[in-house]
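Good morning, and thank you for the time on today's agenda. I shall begin with a single residue and then widen the view to the chain that surrounds it.

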Amino acid sequence: MDTQGFYNILFYRFQISFDFRTFFANGSVFLLTNANYTEYVAAQIIKGRVVVFWTNNGGNVKQSSSSKVVDDGQWHTAIVSKDRRRISLEVDGKTEINKQRITKKLSVTSPLIVGSILDNMMINNNDLVGTNS
């Protein structure tokens with residue numbers, strides 16, 4: 001599959017699964033975006049919980065957090081899925097987020113950015129840059 005075909009699939013649906021173990025309360029898991037950072041889906045660990053960020057119609061930023069704490073040094077599995085207008089997060093087999101009304105077509109053109117450990121990192125909704133808080 002060529003690169004353009006890969007991104008065409010991501011427009012409407014994808015599933016990203018990751019197994020991880022951490023003692024850190026804050027870190028970046030992945031970022032899937034376009035070149036201007038105006039449309040994206042991102043997952044981070046913030047204050048020990050998995051938080052998913054996404055842009056909605058018109059560029060409005062939405063976020064939702066898992067209830068499960070994951071910075072306990074145990075192995076965890078998380079799955080972030082987008083299927084047309086629905087986004088979901090599953091952590092260790094339990095659905096934590098199941099939201100509708102996400103942008104149907106997510107225009108992503110940049111590479112998938114995966115992982116980092118950053119102290120006190122949160123997404124700045126204005127430009128999707130990590131900031132200290």
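Let me start with a question: is Ser81 buried or exposed? Ser81 is buried, because its relative accessible area is 14%, and buried here means under 20% relative accessible area, exposed over 50%, and partly exposed in between, with a 1.4 Å probe and protein chains only.

Before I continue, a word on the basis of these values. This is a predicted model, in which local features need pLDDT of at least 70 and side-chain atom pairs count only at pLDDT 80 or more, while totals for chains, interfaces and linings use all residues. Residues are numbered from 1 along each chain as its sequence is written, and side-chain values use heavy atoms, with hydrogens and water left out.

Ser81 sits in strand E6, residues 75-83. Helices (H or I, at least four residues) and strands (E, at least two) are DSSP runs, numbered from the N terminus. Which residues does Ser81 contact, leaving aside its neighbours within four places in sequence? They are Phe14, Gln15, Arg86, Ile87 and Ser88, where contact means heavy atoms within 4.5 Å. With Gln15 there is also a polar contact from side chain to side chain, at 3.3 Å. A polar contact is a pair of N or O atoms within 3.5 Å; within protein, one must be able to donate a hydrogen and the other to accept it, and residues adjacent in sequence count only if both atoms are side-chain atoms.

Let us turn to that partner. Gln15 belongs to strand E1 and is exposed, at a relative accessible area of 59%. Beyond four places in sequence, Gln15 is in contact with Ile79, Val80 and Ser81. Gln15 and Val80 lie 65 residues apart in sequence, yet their C-alpha atoms are 5.7 Å apart in space.

E1 and E6 run antiparallel and are joined by nine bridges; strands count as paired if DSSP finds at least two bridges between them. One of the residues involved is Asp19, whose bridge partner in E6 is Thr77.

A nonpolar core is a set of buried Ala, Val, Leu, Ile, Met, Phe, Trp, Tyr and Cys residues joined through side-chain atoms within 4.5 Å. The largest such core has 21 residues, of which Phe18, Phe20, Phe30, Val41, Val52, Val80 and Leu89 touch the most other members. Two or more residues each come from strands E1 (13-21), E2 (27-33), E3 (40-46), E4 (49-55), E6 and E7 (86-91). E1 gives the largest share, four residues. Phe18 touches Val29, Phe30, His76, Thr77, Ala78 and Val80, residues up to four places away not being counted. A second, separate core of six residues includes Leu31, Tyr40, Ile46 and Val51. In soluble globular proteins, nonpolar side chains tend to be buried together.

Now to the charged side chains. How many salt bridges are there? The count is one, taking a salt bridge as a side-chain nitrogen of Lys or Arg within 4 Å of a carboxyl oxygen of Asp or Glu. The partners are Asp92 and Lys68, at 3.3 Å from N to O. Asp92 is in the loop between E7 and strand E8 (94-100), and Lys68 is in strand E5 (residues 61-69), 24 residues apart. Asp92 is partly exposed at 33% relative accessibility, and Lys68 is partly exposed at 32%. Asp92 also has a positive phi, near 50°, in a residue other than glycine.

Finally, the chain as a whole and its confidence. The protein has one helix and eleven strands, and 42% of its 133 residues are buried. Its average pLDDT, the predictor's confidence in each residue from 0 to 100, is 77, and 67% of the residues score at least 70. Over residues 120-133 pLDDT stays under 50. Where pLDDT is low, the predicted coordinates should not be read in detail.
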